[in-house]
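Look through the sequence and the 3D view, then read on.

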There are 2 protein chains.
Amino acid sequence: MRTFLERDIISGIQAQYEGQKGEGLIKGIGDDCAVFRKEGNDLFLITIDTLVEGVHFDLSWHPPHLLGRKAASVNISDISAMAGTPRFALLSLALPDPSAANWLDDFLSGFRSVLEEFGVILIGGDTVKSGRGAMFSICMTGEVGENRILFRSGARPNDIIWVAGRLGEAGAGLALCQNGRAGERNDWQGLVRAHLDPKAQVRLGTLLGKSGLASAMIDLSDGLATDLAHLCKESGIAGEIDADRIPMSAELIAAARELQVSPLDWAIRGGEDYLLLFTAASEHGEALQLVAKEAKAEIFPVGRIFVGKGVFLLTGKNREEISYQGFDHFRG
Amino acid sequence: MRTFLERDIISGIQAQYEGQKGEGLIKGIGDDCAVFRKEGNDLFLITIDTLVEGVHFDLSWHPPHLLGRKAASVNISDISAMAGTPRFALLSLALPDPSAANWLDDFLSGFRSVLEEFGVILIGGDTVKSGRGAMFSICMTGEVGENRILFRSGARPNDIIWVAGRLGEAGAGLALCQNGRAGERNDWQGLVRAHLDPKAQVRLGTLLGKSGLASAMIDLSDGLATDLAHLCKESGIAGEIDADRIPMSAELIAAARELQVSPLDWAIRGGEDYLLLFTAASEHGEALQLVAKEAKAEIFPVGRIFVGKGVFLLTGKNREEISYQGFDHFRG
């Protein structure tokens with residue numbers, strides 16, 4: 001049987017277009033956004049993401065207003081992962097039938113609320129019928145100065161790996177929803193909210209770009225194990241995560257105990273946290289904490305970059321490869 | 001019951017974002033592409049389109065290579081409808097399951113063949129699982145000079161309405177495929193090809209923009225009745241089509257006779273011809289024919305713009321309103 005992993009498809013397409021050079025093209029396939037020159041030192045960012053009912057969202061627990069917010073946030077997160085400022089959005093709606101109109105207004109108001117928060121304007125789109133279930137494709141554009149942009153490819157040996165928040169919250173929230181236990185406890189609402197309504201870290205992203213302190217960046221959409229593997233692959237280096245250093249909330253640990261799963265699994269393999277993951281030379285730790293403070297974000301050093309290939313998890317004396325163990329759409 | 005027509009949804013969204021002004025934004029929702037300033041007099045075009053299995057295409061008769069070509073062409077057509085040159089593409093793939101890999105390579109090679117023809121580069125995208133059936137969202141960017149762009153909104157009373165080819169071919173081809181008769185006659189292959197593999201009229205579009213002769217332009221994606229209605233609405237005027245002047249091929253007329261349908265219905269209400277529809281002052285007829293000759297295209301005057309509202313069809317002494325009678329995804 002032919003392997004059909006998401007990253008295999010993307011690698012195949014990437015290889016087909018590798019040689020092609022467009023005028024002004026800075027970065028094609030292989031980062032959070034494509035990048036091309038706008039004018040002078042200003043670069044233009046563009047990204048597309050699709051959310052499918054039954055795959056990315058479940059309407060039985062996802063209020064349409066929050067779904068609209070999430071659809072905007074996950075795309076804005078791709079812009080922030082390159083230290084960019086989001087500018088314009090295009091929204092393509094595929095709707096199953098007229099019944100979808102019941103929640104379309106709520107979806108659109110949620111979508112709009114996030115756009116307004118970040119000064120983004122909806123400038124186009126299309127509306128089609130879907131065979132079954134709703135689907136949204138969103139194209140988001142942004143801008144960033146050439147001396148501020150952060151690619152996935154800039155990590156260097158001995159850099160420290162940082163994450164901008166506590167990991168696994170969205171995965172825990174999803175599990176609680178899937179188990180019908182989302183409403184059970186007040187102190188689980190932060191986890192549920194992390195799944196339903198993630199926040200793009202635009203302020204932190206742009207400040208990191210401006211600071212010149214970070215060497216590479218990506219957003220955590222498919223889980224640390226997979227997103228760090230993307231960053232390492234593009235940078236041509238390896239990464240090592242120290243399990244003891246992974247930031248996890250008390251609520252996450254309590255929920256994991258309740259559902260009898262490993263909290264570390266959510267933190268490493270759970271997707272959709274939409275927190276920034278970045279690397280920086282080890283001497284920048286203090287300066288980075290000042291940047292995080294300015295952005296009102298928490299950042300945590302979780303590991304180290306070294307010469308090699310792959311992503312590894314250190315647990316006590318155990319060293320395990322975890323490359324690409326996050327979410328993949330086509331894993332069995 | 002709430003009405004839920006495609007254009008109602010779009011109008012509703014358009015109204016929500018009407019007041020918003022982004023820096024450099026020239027045109028938001030309401031044309032073939034959104035437009036914003038790139039640099040100096042250079043404008044940037046962007047459009048998104050989604051194709052859904054079972055709605056836009058049927059894999060039982062659509063070879064994946066041609067489907068890939070069509071996915072690229074229909075988006076490039078939106079760029080050409082504003083007299084632009086296509087530059088970069090993003091492709092979002094939603095695939096049902098591993099079996100889709102069987103035809104994915106063919107789809108991608110077809111997609112690429114059209115991109116290469118027009119010098120377009122694929123710079124990004126994403127790959128997700130779909131619940132049922134394949135779906136593609138394509139975002140296409142382009143460029144055009146500020147003094148060359150053609151909006152939908154430029155038509156003026158007494159302008160002549162032109163179409164750039166014989167109408168209804170794609171609708172006829174679709175009907176032949178749906179009736180399982182596509183392979184029946186050699187002289188139907190042009191019709192079938194028009195449905196399976198439409199061509200974007202980029203050369204004609206850019207030459208029309210350069211000539212300064214046309215006042216407004218749109219591409220025929222949902223049928224003359226609907227696309228002319230869009231153009232008239234954006235221009236704040238009305239349009240009148242002379243049924244006798246609508247260009248139809250002998251093959252189309254023969255196929256209509258065979259399937260016992262009206263050829264005029266395909267020409268007016270059949271979608272997906274992806275030919276350019278434009279308006280121009282009446283004195284430009286000869287000059288326009290020279291432009292068409294240079295672009296190796298055929299153009300035909302089919303009607304006239306006048307003060308008022310709506311789109312009308314003149315058949316002998318009969319005058320019938322046909323506004324928006326083309327394809328709509330949510331008409332019952």
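Gly239(A) stands opposite Val311(A), a residue in strand 12 of chain A. The model is predicted: local features need pLDDT of at least 70, and side-chain atom pairs count only at pLDDT 80 or more, whereas totals for chains, interfaces and linings use all residues. Residues are numbered from 1 along each chain as its sequence is written, and chains are lettered from A and ligands numbered from 1 in the order in which they are written.

**The sheet in chain A**

- Strand 9 (residues 238-242) and strand 12 (residues 310-315) of chain A pair in the parallel sense over 5 bridges. Two strands pair if DSSP finds at least two bridges between them. Strands (E, at least two residues) and helices (H or I, at least four) are DSSP runs, numbered from the N terminus.
- In chain A, 7 strands form an open sheet with mixed pairing, in the order 8-10-7-11-9-12-13.
- Strand 8 (214-219) and strand 13 (318-321) of chain A are at the edges; each has a single partner strand, so one side of each lacks a neighbour in the sheet.
- On average, neighbouring strands of this sheet are turned by 25° against each other, direction ignored. Axes here are lines fitted to C-alpha atoms, for helices over the stretch in contact, and angles run from 0 to 180 degrees between N-to-C directions.

**A helix pair in each chain**

- In chain A, the axes of helix 4 (residues 169-178) and helix 8 (residues 250-259) come within 10 Å and cross at roughly 35°.
- This crossing of helix 4 and helix 8 of chain A is left-handed. That word applies if the near helix is turned anticlockwise from the far one by less than a right angle; clockwise is right-handed.
- Glu169(A), Ala172(A), Ala175(A) and Leu176(A) of helix 4 meet Leu252(A), Ala255(A), Ala256(A) and Leu259(A) of helix 8. Residues are in contact if their C-beta atoms, placed from the backbone, lie within 7 Å.
- The residues of this contact in chain A are 7 nonpolar, no polar and 1 charged. Ala, Val, Leu, Ile, Met, Phe, Trp, Tyr, Cys and Pro count as nonpolar, Asp, Glu, Lys and Arg as charged, and the others, Gly among them, as polar.
- In chain B, helix 4 (residues 169-178) and helix 8 (residues 250-259) pack at an angle of about 35°, with axes 10 Å apart. The crossing in chain B is left-handed.

**Domains of chain A**

- Chain A has domain 1 (6-145) and domain 2 (152-321). Domain bounds come from an automatic or database domain assignment.
- The centres of domain 1 and domain 2 of chain A, taken over C-alpha atoms, are 22 Å apart.
- In chain A, 21 residues of domain 1 are in contact with 21 residues of domain 2. Helix 2 of chain A gives the most to the domain 1 side, with 9 residues.

**How the chains meet**

- 54 residues of chain B are in contact with 54 residues of chain A. Strand 5 of chain B gives the most to the chain B side, with 9 residues.
- The chain B side has 27 nonpolar, 16 polar and 11 charged residues.
- A rotation of 180° with 0.0 Å of shift along its axis superposes chain B on chain A (RMSD 0.0 Å). The two copies are thus related as by a two-fold rotation axis. Superposition is by least squares on the C-alpha atoms of residues with pLDDT of at least 70 in both copies.
- The copies meet through the same surface, because 100% of the interface residues of chain B are also interface residues in chain A.

Technical notes. Two residues are in contact if their C-beta atoms, placed from the backbone, lie within 7 Å.
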